[in-house]
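I opened this notebook to record what I looked up in one protein model. The entries follow the order in which I made them.

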Amino acid sequence: MLENKKARRRQNSNEAYIDALQENYSKINVIRVDIAYKKPYSEEMTVDDATKDLNRLLNNRRSKPTIFEDNIGYVIKKEHTEDKGVHFHAFFMFDGQKVLKDAHKADEIGNYFVNDITKGKGTYYNCNRNNYPEHGIGMLDHKDTEKRKHLDKAMAYLSK
């Protein structure tokens, strides 16, 4: 029961965060990229080392304007499973007036993680290349309440 309360609180926080972004931006381009490590690196990667890689990626956003210049926010969940090891589910929000190609932006972030941050040990999955009808990612207009519901649903997974 306590875990459900925490998850609900996190979900409410994520929704309030998107609300705040939508107050300031008429369009938000939502990028979803899952980042992880290739085998055999995934088997030896510690949570601390993976967290350092993630922090390096986030801290380097200022020095990588070609990729992150119009980044207005992010929500990331760290997970560890036996099959994948440590991995991250990341939503990056960009100013939708300035960043139009969501799948291309996800590839830029993923390739930066793989090539620059992990020196080839990493891998990524570009969720924006899928055509799920109700995934809520991609361009989100502030008037599109239906797509926003789908985004809230997709982000609810990060709250668990």
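**Entry 1: a glycine in a loop**

I began with G96, which I located in the loop between β3 and α5. The model is a predicted one.

I next listed what G96 touches, leaving aside residues up to four places away in sequence: K27, I28, N29 and M139. I also checked its position relative to N71, which is 25 residues from G96 along the chain. The C-alpha atoms of G96 and N71 are separated by 9.7 Å.

**Entry 2: F94 and the cores**

I turned to F94 and again left out residues up to four places away in sequence. I noted that F94 touches K27, I28, N29, I31, I67, F68, D70, N71, I72, V99, K105 and I109.

I then asked how many residues the largest nonpolar core has. I recorded 22, and the residues with the most contacts inside this core are L57, F68, F92, F94 and I109. I traced the core to its elements: β1 (27-37), α3 (47-59), α4 (65-68), β3 (85-95) and α5 (102-117) each supply at least two of its residues. Apart from this core I found another, of 14 residues, which includes L21, V75, F91 and I137.

**Entry 3: the fold as a whole**

I counted 6 helices and 5 strands in the protein. Reading from the N terminus, I wrote the order of elements as α-β-α-α-α-β-β-α-β-β-α.

I compared the overall dimensions with a simple expectation. For 160 residues a compact globule would have a radius of gyration near 15 Å, and the 16 Å of the protein agrees with this. I noted that the C-alpha trace spans about 45 × 45 × 30 Å along its principal axes.

**Entry 4: burial, surface and charge**

I recorded that buried residues make up 47% of the 160 residues in the protein. The protein exposes about 9,200 Å², and carbon and sulfur atoms supply 48% of that area.

Finally, I asked how many positive and negative side chains the protein has. I counted 29 positive and 25 negative, and the centres of the two sets lie 2 Å apart.

How values were computed:
Residues are numbered from 1 along each chain as its sequence is written. This is a predicted model: local features need pLDDT of at least 70, side-chain atom pairs count only at pLDDT 80 or more; totals for chains, interfaces and linings use all residues. Side-chain values use heavy atoms; hydrogens and water are left out. A nonpolar core is a set of buried Ala, Val, Leu, Ile, Met, Phe, Trp, Tyr and Cys residues joined through side-chain atoms within 4.5 Å. Buried means under 20% relative accessible area, exposed over 50%, partly exposed in between (1.4 Å probe, protein chains only). Helices (H or I, at least four residues) and strands (E, at least two) are DSSP runs, numbered from the N terminus. Contact means heavy atoms within 4.5 Å. The radius of gyration is taken over C-alpha atoms; the globule rule is 2.2 Å times the number of residues to the power 0.38. Accessible areas come from the Shrake-Rupley method with a 1.4 Å probe; for residues, only the protein chains shown count as cover. Lys and Arg count as positive and Asp and Glu as negative; His and the chain ends are not counted. The place of a charge is taken as NZ of Lys, CZ of Arg, CG of Asp or CD of Glu.
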